[in-house]
Amino acid sequence: MSDQRLAPATLAAQGLGLVEPVTKGIVQPIHVSTTFERDADNEYSAGRCYSRADNPTFDQVEATLAALEQGTDALVFASGMAAATACFQALDPGDHVIAPTVMYWALRNWLMTFASRWGLQVSLVDTTNLDELRAAIRPGTTKLIWLETPANPLWHVTDIAAAADIAHYAGAKLVVDSTVAATVFTQPLTLGADLVMHAATKYLNGHSDLVAGVLIAGPTLCAAGHLLSVDRTPTSGQPARCADVGVRPTDLFARLASEPDGYWKRIRTIRSQIGGVLGSFEAWLLMRGLRTLHPRVCWAAASAQCLAAQLAEHPAIAEVLYPGLPCFAGHEVACRQMRGGFGAMLSIRVKGGELAAIATAAKVQLWKRATSLGGVESLLEHRASIEGPGSPCPPDLLRLSVGIEDGNDLFADLDQALRASAK
Ligand SMILES: *Cc1c(COP(=O)(O)O)cnc(C)c1O
């Protein structure tokens, strides 16, 4: 059965419908072997050599993620940061990159310190302002535009299709950190992005129990996808075995030859040479989490939409930042490029200022005071405390990651904390 006609929730729930051919297990095994035997004729007929390059446990999760983003190839990494930094490490010293002023704080920090010292020229601009984005282009030198949408922690929404036009006109690539859209609400590759990044630590795994990242390439980077399909038949004519699932050397060469500029190939090389590679058990856990992605994330987003509306009316709150609110600056663009919901991340600005915000965080009982996002449990964080000096985050802001608990329980807990700290 072709996987093209199936809905994303179906593809995720069944992990592309894969059945392990030897035992007929409907869950794939964890491959722990770090090394693979060479044939007597010196070939690797199973297509594997050493698991710092790739591991059979990655195949199903990479193929599923590529399918969910409508990409042609995917690579899992040891963390979201390992995936994100590989996109910049694949550039040359002297290249210019543009990134948003409001973005995931640790990556912004890395760009301004490490990447700059290694010779990348970095401009931070308000990417929601397309004139500002266009003006930041340095013709011939700008090689990459990085977007994050919706962006931490103010949930700025950038027009991906317009940014793709600007990037491509300048001969640059567009990469989108789509962690918050979680593959479910936006598919950046279909809007013209070249590459999508996710901190899989967050929604894709969804249970706050592993650190992982993923990059998904679109057809502009990798035309001939090797992706695992449900009815893939082994080229040998032999019954399919576990080893038949994934990249064979011939597939790899076909794919690399089809790459226009080798950018994706360099990223793959960075993963295997620098070694930011995911462990087998983590890759398996990620696939397990991914199977429930749609119900988790759609439930949480519906709850976030209700909470945002309730909190917008709250006497102790000055402002709610959430792309799903009609009064939010990015709402119109969000309506164009998000479908089925606006995500489950929002921020509130507490009327009483910084101390009242910190006091509110201190008084919640159900919400957990913790960094990170995208798990089934709701988290709340005074973001300015973790970002420190230079952060664009207002000091009266609390960031909320809405989980899958009952929405009334979540509201009641916030309400009592807000009221108690407004006194
Ligand atoms: C968490 C996060 C990252 C970094 O991912 P790690 O897995 O923690 O390295 C990058 N971007 C966004 C939007 C994130 O939320």
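1. Two strands pair if DSSP finds at least two bridges between them. Strands here are DSSP runs (E, at least two residues), as helices are (H or I, at least four), and both are numbered from the N terminus. An instance of pairing is E10 with strand E11 (residues 379-382), which run in the parallel sense over two bridges. Within this pair, the bridge partner of Lys368 is Leu379 in E11.

2. A word on the basis of this note. The model is predicted: local features need pLDDT of at least 70, side-chain atom pairs count only at pLDDT 80 or more, and totals for chains, interfaces and linings use all residues. Residues are numbered from 1 along each chain as its sequence is written, and side-chain values use heavy atoms, with hydrogens and water left out.

3. Overall make-up. The protein chain has 14 helices and twelve strands. Its C-alpha trace spans about 80 × 50 × 35 Å along the principal axes. The radius of gyration (taken over C-alpha atoms) can be set against a globule rule of 2.2 Å times the number of residues to the power 0.38. For 423 residues a compact globule would have a value near 22 Å, and the protein chain has 22 Å, which agrees.

4. Burial and contacts. A residue is called buried under 20% relative accessible area, exposed over 50%, and partly exposed in between (1.4 Å probe, protein chains only). Of the 423 residues in the protein chain, 55% are buried. Contact means heavy atoms within 4.5 Å. Among contacts with a separation of 6 or more, 72% are between residues 24 or more positions apart.

5. Surface and charge. Accessible areas come from the Shrake-Rupley method with a 1.4 Å probe, and for residues only the protein chains shown count as cover. The protein chain exposes about 17500 Å², and carbon and sulfur atoms supply 56% of this area. For charge, Lys and Arg count as positive and Asp and Glu as negative, while His and the chain ends are not counted. Each charge is placed at NZ of Lys, CZ of Arg, CG of Asp or CD of Glu. There are 34 positive and 41 negative side chains, and the centres of the two sets lie 2 Å apart.

6. The five-stranded sheet. Strands E10 and E11 belong to an open sheet of five strands in the order E8-E9-E12-E11-E10, with mixed pairing. Strand E8 (317-321) and strand E10 (368-369) stand at the edges, each with a single partner strand, so one side of each has no neighbour in the sheet.

7. Strand E1. Strand E1 (residues 73-77) is mostly covered, with five of its five residues buried. Asp73, Leu75 and Phe77 point one way from E1, and Ala74 and Val76 point the other way. E1 pairs with strand E7 (residues 213-217) in the antiparallel sense over five bridges. In that pair Ala74 stands opposite Ile216 of E7.

8. Helix H2. Twelve of the 13 residues of H2 are buried. They include Phe58, Val61 and Leu65, and also the charged residues Asp59 and Glu62. What covers the buried residues of H2 includes E1 and E7, along with helix H1 (8-13), helix H8 (263-274), helix H9 (280-290) and helix H10 (293-312).

9. Backbone features to check. Most residues other than glycine have a negative phi, and most peptide bonds are trans. Gln70, in the loop between helix H2 (56-68) and E1, has a positive phi of about 55°. Gln70 is exposed, with a relative accessible area of 51%. Trp155 has a phi near 65° but is buried, at 0% relative accessibility.

10. The peptide bond from Thr149 to Pro150 is cis, with omega near -15°. A cis peptide bond also joins Asn152 and Pro153, with omega about -15°.

11. Asn205. Not counting residues up to four places away in sequence, Asn205 touches Ala200, Leu210, Leu285, Leu286, Gly289 and Arg296. Its C-alpha atom is separated by 13 Å from that of Pro295, which is 90 residues away along the chain.
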